[in-house]
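Look over the model, then work through the answers.

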Amino acid sequence: MNNIELLKIAEEARKNAYVPYSKFRVGAALLTKSGKVYSGCNIECASIGGTNCGERTALFKAISEGEKEIDAIAISSDNSEKDEPTYPCGICRQVIIEFGKDIRIITGWSQGKIYETTMKDLLPNYFSGCDFIENK
Ligand SMILES: O=c1ccn([C@H]2C[C@H](O)[C@@H](CO)O2)c(=O)[nH]1
Ligand SMILES: [Zn+2]
C-alpha cells in the first residue's frame, strides 16, 4: 500500500462524510503496520462539539478492532484538490500521537501534490502519559 493508494481510500471515505453544518467533508485512511486499512469520515451533530473528525473516526475504528500498531494516516478534504492540504486538527494530533510519534501523515491529492510528515513534527513537545504516570 503506497501513499497514493492510501490517499485514494481517504478520498473514497470522504464521500461518506456527514456534514450538514460545515459542509466540509474529510476522509481519512489509516494503514496499520500489518498492512490493514481502516477508513473514516467526519461526522457532525447539532451539538457541534460532538463532532468527530475523519482522522479520529478511522483511528477509533482501528483501535477498537485491536489494531494499535499504526504506520500512516492519509487525509483528504474538500480543499485537497485545490492543493490546499488538510492536516489534523489539534484534538486529533493529541489523540493520534498517543499511538506513536512516528506515525506518518499523508495529505494532498492522489492526482496532484502529496505531502508527508510525521506526528512528532506536527506536535513537538507534546504532552504524554509519561509526563504523569509513575513507574513507567
Ligand atoms: O483535519 C480535520 C479538520 C476538520 N475536520 C472536520 C471537523 C468538522 O466536521 C469540519 C469543519 O471543521 O471538518 C476533520 O474531520 N479533520
Ligand atoms: Zn480533528
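Q: Is E55 buried or exposed?
A: This is a predicted model, where local features need pLDDT of at least 70, side-chain atom pairs count only at pLDDT 80 or more, and totals for chains, interfaces and linings use all residues. Residues are numbered from 1 along each chain as its sequence is written, while chains are lettered from A and ligands numbered from 1 in the order in which they are written. A residue is buried if 20 or more other C-beta atoms (placed from the backbone) lie within 10 Å of its own, exposed if 12 or fewer, and partly exposed in between. E55 has 30 C-beta neighbours inside 10 Å, so E55 is buried.

Q: Which residue does the UniProt annotation "active site" cover?
A: The annotation comes from an unreviewed UniProt entry. Such annotations may be inferred rather than shown by experiment; positions follow the numbering used here, and feature names are shortened.

Q: Which residues of helix α2 are buried?
A: Helix α2 spans residues 54-64. Cover for its buried residues includes α1 (3-14), β1 (26-32), β2 (37-41), β3 (70-77) and α3. The buried ones are G54, E55, R56, T57, A58, L59 and A62.

Q: Which residues come nearest to ligand 1?
A: A residue is near a molecule or strand if its C-beta atom, placed from the backbone, lies within 6 Å of it. There are 14 residues around ligand 1. The nearest are S22, V26, N42, C53 and G54.

Q: Is G90 buried or exposed?
A: G90 sits in helix α3. Its C-alpha atom is 8.5 Å from that of L123, 33 residues apart along the chain. With 9 other C-beta atoms within 10 Å, G90 is exposed.

Q: Which residues is K101 in contact with, leaving aside neighbours within four places in sequence?
A: K101 lies in the loop between α3 (90-97) and β4 (104-108). K101 is partly exposed because it has 16 C-beta neighbours inside 10 Å. Its contacts are M119 and K120.

Terms used: Helices (H or I, at least four residues) and strands (E, at least two) are DSSP runs, numbered from the N terminus. Two residues are in contact if their C-beta atoms, placed from the backbone, lie within 7 Å.
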